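This report looks at how two protein chains meet and at a few residues within them. Please keep the sequence and the model in view while reading.

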Number of protein chains: 2
Amino acid sequence: MTMEFTRPSHRLPRRRGSRIPAEPGKPYFIEKGLGDRAHLFTDLVTVYAGGEQTENTFNFFTVEGPEGDVIPAHVHSDTYEVFYITDGAVRLFVEDVEGQQYERLLRAGDFGFVPKNCPHAYRIERHHSRVVGVAAGPGGTFERFFENLGVPTEELGLPSEPYVPGPHQFATVPQRYDVRFLPEHQWRTGS
Amino acid sequence: MTMEFTRPSHRLPRRRGSRIPAEPGKPYFIEKGLGDRAHLFTDLVTVYAGGEQTENTFNFFTVEGPEGDVIPAHVHSDTYEVFYITDGAVRLFVEDVEGQQYERLLRAGDFGFVPKNCPHAYRIERHHSRVVGVAAGPGGTFERFFENLGVPTEELGLPSEPYVPGPHQFATVPQRYDVRFLPEHQWRTGS
């Protein structure tokens with residue numbers, strides 16, 4: 001397999017004020033909402049564990065957002081992704097490697113799995129929805145994508161204004177985190 | 001690192017009636033509660049994704065149970081473990097590799113992280129508590145531990161009677177899944 005991207009996550013400096021211990025191998029606890037936070041578009045992403053903590057095996061984060069539009073379709077060549085809904089309702093769109101498309105409205109307790117190389121997107125369909133995510137693969141983890149395409153924040157709660165990345169971020173960040181946007185992609189599933 | 005155990009999870013036959021597709025690489029969705037279920041003692045464990053789905057990178061499961069006693073202390077030599085509470089209250093006990101002990105009552109939205117080689121246990125302190133778990137490491141994933149030490153079930157809901165493994169299961173299953181029970185272990189944290 002050709003690795004066309006690098007995974008800088010384990011080389012990033014630790015976030016100031018992070019509740020995640022600087023030293024891997026230490027047990028820790030984080031209260032609700034107090035993981036490493038970032039704003040990206042209208043959403044709040046909170047990282048509770050990343051590659052540094054797990055020898056680059058897996059990560060654990062939440063995505064919270066308001067009712068909104070379908071996010072841009074994208075694909076990961078080496079990353080498997082979990083969507084587990086704890087609040088609200090999120091419509092997940094996925095295309096398998098044969099081109100078959102699926103969509104499903106997921107509610108609290110429902111689960112969706114997106115394998116590598118499957119284009120996908122989602123749309124939050126209820127305010128205050130929350131998705132638990134794990135996104136990792138044999139090449140590593142990608143939890144620092146969000147704060148690099150978006151912006152780290154110390155705030156609690158959703159962005160007061162959407163954070164829209166600039167052209168330079170779009171041009172450089174996704175490829176470093178195994179994210180490839182598919183601007184021409186169409187969902188033919190009907191919703 | 002010496003691998004003193006084998007990880008048979010990816011060689012197990014697929015569960016009959018499983019909502020997890022037989023063929024890795026396919027997207028899928030599972031409604032709340034309908035993952036691969038097992039009973040172990042008083043608890044219900046539901047697996048939504050395992051090593052077969054992620055090239056042995058990570059897994060994703062829930063543990064639900066009634067208010068009860070502290071489970072037996074145990075340790076994993078090659079597995080990192082996440083405890084993310086979605087319902088109820090769970091007290092997590094962890095000892096770090098220097099012998100320092102911690103305990104913390106986790107409620108909905110709270111997170112606990114147990115590195116490899118850290119003895120740990122938990123106690124469910126409210127009925128209908130639910131923990132989201134990820135448990136994996138460089139050697140693989142361990143989600144099939146529960147149905148092997150316990151028993152697979154098609155039922156929904158908690159066990160009507162506790163399922164207590166027999167001596168043969170205790171003697172053979174834990175070591176196959178990187179679980180080592182610590183019968184002499186004492187929690188000195190006071191709760």
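A salt bridge is taken here as a side-chain nitrogen of Lys or Arg within 4 Å of a carboxyl oxygen of Asp or Glu. The model is a predicted one, in which local features need pLDDT of at least 70 and side-chain atom pairs count only at pLDDT 80 or more, while totals for chains, interfaces and linings use all residues. Residues are numbered from 1 along each chain as its sequence is written, chains are lettered from A and ligands numbered from 1 in the order in which they are written, and side-chain values use heavy atoms, with hydrogens and water left out.

**The interface between the chains**

Between chain A and chain B the count is 6 salt bridges, and one pairing across the two chains joins the side chains of Lys26(A) and Glu98(B), with 3.7 Å from N to O. Strands (E, at least two residues) are DSSP runs numbered from the N terminus, and those that give two or more residues to the side of chain A that touches chain B include strand 1 (28–30), strand 3 (43–49), strand 9 (111–114) and strand 11 of chain A. Strand 11 of chain A gives the most to that side, with 5 residues. By class, the side of chain A that touches chain B holds 24 nonpolar, 10 polar and 10 charged residues, where Ala, Val, Leu, Ile, Met, Phe, Trp, Tyr, Cys and Pro count as nonpolar, Asp, Glu, Lys and Arg as charged, and the others, Gly among them, as polar.

The size of an interface is often given as the accessible area lost when the parts come together. Chain A and chain B bury about 3900 Å² between them, with 68% of it on carbon and sulfur atoms (buried area being the accessible area, with a 1.4 Å probe, that two parts lose on being put together, summed over both). Phe29(A), Phe58(A) and Phe111(A) supply 19% of the area that chain A buries against chain B, more than any other three residues. In terms of contact (heavy atoms within 4.5 Å), 44 residues of chain A meet 46 residues of chain B.

**Salt bridges within the chains**

Over all chains, a search of the whole structure finds 22 salt bridges.

| Pair | N to O distance |
|---|---|
| Asp87(A) and Arg130(A) | 2.5 Å |
| Arg91(A) and Glu125(A) | 2.7 Å |
| Arg130(B) and Asp87(B) | 2.4 Å |

In the pair Arg130(B) and Asp87(B), the arginine lies in strand 11 (residues 129–137) of chain B and the aspartate in strand 6 (residues 80–87) of chain B, so the pair ties together parts that are 43 residues apart in sequence. For exposure, buried means under 20% relative accessible area, exposed over 50%, and partly exposed in between, with a 1.4 Å probe and protein chains only. Arg130(B) is buried, with a relative accessible area of 14%, whereas Asp87(B) is partly exposed at 29%. In chain A, Arg91(A) is buried at 15%, and Glu125(A) is partly exposed at 23% relative accessibility. A network of salt bridges links Arg15(A), Asp36(A), Arg144(A) and Glu147(A).

Ser129(A) lies in strand 11 (residues 129–137) of chain A, and at 1% relative accessibility it counts as buried. A polar atom of the Ser129(A) side chain lies 3.0 Å from the backbone nitrogen of Ala89(A), and a polar atom of that side chain lies 2.7 Å from the backbone oxygen of Arg126(A). Not counting residues up to four places away in sequence, Ser129(A) touches several residues, including Val63(A), Asp87(A) and Ile124(A).

Thr42(B) is found in the loop between strand 2 (36–40) and strand 3 (43–49) of chain B, and counts as partly exposed at 35% relative accessibility. Thr42(B) and Glu161(B) are 119 residues apart in sequence, yet 7.2 Å apart in space, C-alpha to C-alpha.

Terms used. Helices (H or I, at least four residues) and strands (E, at least two) are DSSP runs, numbered from the N terminus. A polar contact is a pair of N or O atoms within 3.5 Å; within protein, one must be able to donate a hydrogen and the other to accept it, and residues adjacent in sequence count only if both atoms are side-chain atoms.
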